[in-house]
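Please prepare a briefing on the pocket, surface and overall layout of this protein chain.

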Amino acid sequence: MEDLKKSLKMPFFGSTFSPKKTPPRKSASLSSLHTLDRSTREVELGLEYGPPAMNIGGQTWKFEEGQWITESGGNASSRELQRLKKKNIQLEEENNLLKLKIEVLLDMLTETTVEYHLIEKEVEDLKIQHRRKK
């Protein structure tokens, strides 16, 4: 039996599994900014860090109001286009409100005109009745 076990062992695999120990990890942060006091950090980084910005393909992008906006390149800046789009939406909403107000005013004018014609007809009928009584 012992001979059978020896013959079944594979020579290139060890008989036991023993993984190598992992080396100790390096420090989590290589930056020394966390060791600086507040005044030194303000001098190094400035009081206001500003919006995140990056340069990709010669165009500068800034993250403002939840969107990435291009600062350079093109015939019109992306910021200007976004401002115009917002203004356009605002004017469309104002236009829709004004159209609604015109509809309401026309309805009111129609109602007033109908009431005027009914009153005018009643006055005519009263005049005719009064003439008959005489």
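**Largest pocket**

The residues that line the largest pocket are Glu64, Glu65, Gln67, Ile69, Arg79, Gln82, Arg83, Lys85 and Lys86. A pocket is an open set of points on a 1 Å grid over the protein atoms alone, where a 1.4 Å probe fits, with protein on both sides within 12 Å along at least five of seven lines; lining residues have an atom within 4 Å of a point. This is a predicted model, in which local features need pLDDT of at least 70 and side-chain atom pairs count only at pLDDT 80 or more, while totals for chains, interfaces and linings use all residues. Residues are numbered from 1 along each chain as its sequence is written, and side-chain values use heavy atoms, without hydrogens and water.

- Helix 3 supplies the largest share of this lining, five residues (helices are DSSP runs of H or I, at least four residues; strands are runs of E, at least two).
- The largest pocket holds about 190 Å³ of space, a volume being the space filled by probe spheres set on the points.

**Surface**

- Val104 lies in helix 3 and counts as partly exposed because its relative accessibility is 40% (buried is under 20%, exposed over 50%, partly exposed in between, with a 1.4 Å probe and protein chains only).

**Overall layout**

- The protein chain has three helices and three strands, in the order α-α-β-β-β-α from the N terminus.
- Of the 134 residues in the protein chain, 2% are buried.
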